[in-house]
Amino acid sequence: MLCTGNICRSPAAEAMLRHRLEALGLDARVRSAGLLDDGRPAHSSSVDLMAGRGLDITAHRSRRLNVSSIRAADLVLGMAREHVREAVVMVPAAFPKIFTLKELVRRGEAIGPRVGDESVADWLARAHAGRTSSDLLGESQTDDVADPIGLPRTAYERMVVELDDQLDRLVALLWVPRYERSHR
């Protein structure tokens, strides 16, 4: 999960996705990073809203995105196009596995969930088909989760509701059908 400061959107998304995958019994490493400084705590509104969902992000400290973390990841999800652009500039060959969360959900719903023994990488390749780097230009309400920094708490609440919806849809596309099939 990737956002600007790694103190609002991406730490919340990290905690929410990790919780969903743990609930499914899946062993996955979910991490977040940002484009700015290391070591900053999560924003108090994100901390409070996650606590209200039973998720503790008080120990979170921001991490700056780096080349090795992009290369090591199976999937990089930016909260906005600018985050995807930055990651792709750092590791151009990783473009097929770097999306905004909303873009991947939209593309994934168009191609359908993983099927049979399809790997995440193969599914991502299908989702990536037809994408060009020019798709990343500009900002887009279609692709971006709005940054709540400096806005009232209601903006953080909207962010969490949006992340909740997008992550539910992502998990259904990438893991739930496959998990349910393997545990029948």
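Glu 14 is buried, at 7% relative accessible area, where buried means under 20%, exposed over 50% and partly exposed in between, with a 1.4 Å probe and protein chains only. The model is predicted, so local features need pLDDT of at least 70 and side-chain atom pairs count only at pLDDT 80 or more, while totals for chains, interfaces and linings use all residues. Residues are numbered from 1 along each chain as its sequence is written, and side-chain values use heavy atoms, with hydrogens and water left out.

**Salt bridges**

- Side chains of opposite charge can pair when their charged atoms come close.
- A salt bridge here is a side-chain nitrogen of Lys or Arg within 4 Å of a carboxyl oxygen of Asp or Glu, and the count by this rule is 16.
- Glu 14 pairs with Arg 63, with 3.5 Å between the closest N and O atoms.
- This pair links distant parts of the chain, 49 residues apart: Glu 14 belongs to helix H1 and Arg 63 to the loop between H2 and H3.
- Helices (H or I, at least four residues) and strands (E, at least two) are DSSP runs numbered from the N terminus.
- Arg 107 and Glu 103 form a salt bridge with an N to O distance of 3.5 Å; both are in helix H5, 4 residues or about one turn apart, and both are buried.
- Arg 126 and Glu 118 are also bridged, their closest N and O atoms being 2.7 Å apart.
- In that pair, Arg 126 is partly exposed at 32% relative accessibility, and Glu 118 is buried at 10%.
- A network of salt bridges links Arg 20, Arg 53, Asp 164 and Asp 168.

**Nonpolar cores**

- A nonpolar core is a set of buried Ala, Val, Leu, Ile, Met, Phe, Trp, Tyr and Cys residues joined through side-chain atoms within 4.5 Å.
- The largest such core has 39 residues, and Leu 104, Leu 163, Leu 167 and Leu 170 touch the most other members.
- At least two residues of this core come from each of H1 (9–23), H2 (44–51), H5 (101–111), H6 (120–128) and H7 (153–174).
- H7 makes the largest contribution to this core, 9 residues.
- A second, separate core has 14 residues, among them Ala 33, Leu 35, Ile 70 and Val 91.

- Contact means heavy atoms within 4.5 Å.
- Beyond its neighbours within four places in sequence, Leu 167 is in contact with Met 1, Ala 13, Met 16, Leu 17, Arg 20 and Leu 101.
- His 128 lies in helix H6 and is buried, at 16% relative accessibility.
- With residues up to four places away in sequence set aside, His 128 touches Phe 95, Pro 96, Phe 99 and Arg 107.

**Largest pocket**

- On a 1 Å grid over the protein atoms alone, a pocket is an open set of points where a 1.4 Å probe fits, with protein on both sides within 12 Å along at least five of seven lines; lining residues have an atom within 4 Å of a point.
- The largest pocket holds about 660 Å³, the volume being the space filled by probe spheres set on points joined across faces, edges and corners.
- Its lining has 24 residues, of which Arg 29, Val 30, Arg 31, Ala 73 and Leu 75 are the closest to the centre.
- H1, H3 (67–72) and strand S3 (76–78) each give two or more residues to this lining, with the largest share, 3 residues, coming from H3.
- The lining comprises 16 nonpolar, 3 polar and 5 charged residues; Ala, Val, Leu, Ile, Met, Phe, Trp, Tyr, Cys and Pro count as nonpolar, Asp, Glu, Lys and Arg as charged, and the others, Gly among them, as polar.
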